[in-house]
Structure formats: structure tokens, C-alpha cells
Amino acid sequence: MSNKAGRSTLLLLALILVVAMFLSLLFGSVFMMPSKLWGSEILWQIRFPRVVLAALIGLLLSLSGVILQGILRNPLADPYVLGISAGGAVGAALSIALGAHFVLFGISSVPVSAFIFAMLAVFVVYKLSQVAGKSAPETLILAGVALSAFASAILSLIIILTGNLQTIYFWLLGSLSSASWSNVLTVIPYALVGLGIAYFFSKELNALLLGEEMAVTLGVEVEKTRTILITAASLMTAAAVSVAGLIGFVGLIIPHWIRLLIGPNHRMLIPVSALSGMLLMVLADTLSRTILSPLEIPIGIIMALVGAPFFLYLLRRRRMEGK
Amino acid sequence: MNVLEVEGLVCGYNPKKPTIKGATFSVKEGEFVGIVGPNGSGKTTLLRAIVGLLEKDQGSIVISNHRIENLTRRELARRVAFVPQLMEPVDGFTVRELVLLGRTPYFERFSFENADDHDAVSWAIEELQIEKLKDRPITELSGGEFQRVAIARALAQEPQLLMLDEPTSHLDIRYQVNICKLLKRLRNHRSIIATFHDLNLASRFCSQLILLKNGELIARGTPEEVVTPENIWKAYRIKALVKNDNEKKKTRYVLLP
């Protein structure tokens, strides 16, 4: 894809995103005419922050997916499948349950605690899946699934022991129902830093397309790059999880789709995936609010309904291709 | 000027049983050096140590007056480029995009490819005579075409030393000769080291040969000096006839009786 075509694609996507976000503002348990929207409490305090949060979470999760797939050289990698999300959720729930929920220098303790546990999860999964210095794609996924189940159990246990059963649904199914401007402010720095790191490491990710050894002979410090990028992916996942619980498959579907459409060059893959992830989450959130209105379906359910079959399809296709 | 000086190099995958047991040689600018020897003699291991994929246990590797351990990965990648025996084709890349990856050691953190990079890519594509292929998806190339693209990718690094691991092993004889001719042309202003199984090809195109056996250099010099029935017997335990082409004096043929 040439630079010019790339710029037009990005511009077009950004435009679609803005339109989708605007339309999404109109829908909810009550439909609002655009003329009545301005000045309404519902818009400013409920729907607007929610739509923005949905978009930010889409960016965080899809970029985590791009990074993990690139650095682990594994097309099935995704923060949810690898158990990073579940690990992060344990950290976030623990921080809330222990009452260690504070804001220091503008940084909330919840995503920080989520990050520590997300890193722990990714470390465990990565180490477990390595056999003789190599990480087999399917082993990595299996390790992730097992760790995910374990972390979800701990998460449920924490919630049961500390009180509110209702919140289990929030964490395990993923939901944007608690969206607020303060949540938006919590995740914005993670989104910006994550996007910056992903974008400026796109040349390393491109070199890694040739394999780790070739990347080394192209001057890439593979170990250092891996540490920085996995940390960035965990940070982004942790931020998303700490405000919206476990939303799966965004990081799997988006990079895959976009790679099929525009090719594997990370310089385009990263910004296009970011925008597409935002768009997907805004659409999924709109659906979650309207499809059974006034009942709200957690967004995680919608993503799992779409994402799990997609994941199975990918697994099957890899088997058929004998990879 | 010596582009590469290797002295007393000991390296391998097990420090107690090194694969290369003390190699000493040097490569001048403009030389095309062929490394030959039986399977398991350490040809690839020697290449991997020089491109920085394998840490040496003893000895020294000096690349245009810089000891390899004093160069950063990026600095090394600007001086030495490597074409592996089998490079993974990147699904979804065009030829030009793949060749552009060769510019990675020149990219700065906060910027992307500039005019110099585009010039280097166009030049590499021209040198390898693949202009016609440049917008084709790599997955649609034949083995011989892909090998030329892989070499163009390495050439885009503008290396002083181009290293190739068995560049002809997966190709039919037409492409074997084609690739060797291209390599021979490329050695202006740089040096080339390649491993070969085919002694005929190596002695026809290389200016210098190194014969390895069990990790030791058993002969080095011009093809006439290295490819002799005695040396072939020493290295391969094969009785061979070596014939000179009377018209083209330098060409030697190894015949197996």
C-alpha cells in the first residue's frame, strides 16, 4: 500500500469512526433526536464518556493484539486468549477488594495493580510455552487458556469473598456500564503511550516478519524489543481491563482482518488496526445497549459470540494449511 | 584493504566441543570467497559467527578494522549482510517492500524511510535485475526469483561484506549459474563470502576458496590451489579427477569417476 493510499485509508476510517460515534450517541435505552441531544444530562454524563471509552478500549485491545502477534510471531496471540486480560483483572479486582484504590500523581492504583498481574501472566504463559528456547504457537495458546481459567477462578473467588456477586458479571463478561469521564481520563495516557510505542517500533516488528535471526542480522536487538513491546501490550491490556473487565477477541479479530486487507506492513497495520478496533468497539457497544433495550447485554458477550467462532475458524484454517 | 580478518576463531554450540576449531583467514575488498567442505564441517557455523548470530568462544573477528564485539547490532548490520539458506517469504509483501526491510539498520527511531533508502532499494533491485518483479507479491515468485530478491534485500543494507549460506542449493542449474554470475559482478567495492556444495561452481566463480573439514581449515587459496585431487580426498574421502578447461584456463571441473 503506497503512502498516499495509506493516508486516504486512514482518513476515511477516521471519518467513519466519527460518524459511528455520533450515531452511537443517539441510541440507548431511549432514542434521542439530535436536536435534543445538546444540553442533555444523559448525553454528557452517560453516553458521551461511554462512547469515548468504548473507542479507547478498542484501540488498547486491538493494538495489544497487533503487538503480541508480531513479537511472538504467532497469529493466534491476543491478550484475552493468552490470559493477560484475566491476569490483569485479578490485579484490578484485588486492588479494589483490598481497598487499595487510590490516585497518586494522577495515576490510579487499579490499572497499575492490573498491569503487575498482567505482566506476571504473560511471563508465566511465555515461559511455560517455551520448549528448548522456542515457543510453539499452539502450546502458547494452550498455556494461555489454562492460565485464563485459573485467573478467572481466582477473580471469582476474590469477588465472592469480598461481597458483591453482581460485580462478577461485570468483570467476567466485560461491560462498559460503569463508563465515566474519570475512567476515560484513566485510560487515555495508556492509549497514547501504547500507540506511540507500537508505531515507533513498527520497523522492528516488520523486520521480525523475516524471523528472529534475520531481524538480528538487520540490527534489531530482539530481546530488548520483545521486553519493551510485551510490556507495552500488557500495560494497554491492563488499562482496558481495569475499566471494562474482560472483553475478548478484539485483539485477535482486528489485526487478522486488517492484515488480510492491507498486508502485514506494521507501519500501516498499526494505525489502521487502532482505528478499526475503535470502530468495532463503538459498534459492539451500540449493539449491547440497543439490541435488547432496555436490557443491556455486556459487550464481552457480544465480542465472544463473534470472536470465539472466528478463533475456531482460524485454528481450523491453520490445521488445513498444515502450519 | 582487508574487509574481514579472522584469527584463531573457536566457536560452536558447545564450548567443550567447538564446531570451528581455530580458523584464521582474511578477506580483501573485491574478493569472492567460497567456503567448501563436507556436510557438518562447520561452513554455516563459521558464517553465523561472522554475522553475529553465534558468539565466539575464542579468537578474534575484525570487520574493516572494528572488532566485532565493539560494534552494536545496528553498526554490524550496516557492514555485514546475511542471506540464509532458506528465508521465510512474508505473506502479503511485494518484492519492493521486502527489499526495503534491508534498510532497517539505517532507520531512526522517530522517522521512516527517506530518499537515501529509496535510492538504495532501487539500486539493489537494479543490481539483481528484478525490476520487472518489484511490485509482485513475494509468494508468487519461483525459487530462483525469490533467491534474487533475498540477495537484493541483503544488498540494500549496503554491506561491505555480503554473506550467503548456500545461495545455490535450492536452484536448478540455470539459476545456479545465474546467481553466481550476479554475485561475481556484485563484488565491486565489497567482499562476498558464500558456502557451496558444488565444487565446480565454487571453483569457476570464486576468487578464493576455503576448504573446511571437521571445523578446521585444511586448505585455502585460489581454486587452482584448493581444488586438487589430494585435497578432495582429504576432505571428502572421494577419488576425483580435476580437469582444466584448456581454452578458459581458470575453469576447473571436478569429475567423479
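Modeller: A residue is called buried if 20 or more other C-beta atoms, placed from the backbone, lie within 10 Å of its own, exposed if 12 or fewer do, and partly exposed in between. By that criterion, 49% of the 323 residues of chain A are buried. This is a predicted model, in which local features need pLDDT of at least 70 and side-chain atom pairs count only at pLDDT 80 or more, while totals for chains, interfaces and linings use all residues. Residues are numbered from 1 along each chain as its sequence is written, and chains are lettered from A and ligands numbered from 1 in the order in which they are written.

Chain A contains 14 helices and 4 strands, these being DSSP runs numbered from the N terminus (helices H or I, at least four residues; strands E, at least two). The radius of gyration of chain A is 19 Å, close to the 20 Å that the globule rule gives for 323 residues, so chain A is as compact as a globular protein of that length. Here the radius is taken over C-alpha atoms, and the rule is 2.2 Å times the number of residues to the power 0.38. Along the principal axes, the C-alpha trace of chain A spans about 60 × 55 × 45 Å.

Chain B, for its part, has 9 helices and 12 strands, and 45% of its 257 residues are buried. In chain B, 64% of the contacts between residues at least 6 apart in sequence join residues at least 24 apart. The C-alpha atoms of chain B fill a box of roughly 55 × 40 × 35 Å along the principal axes.

Notes:
Contact = placed C-beta atoms within 7 Å.
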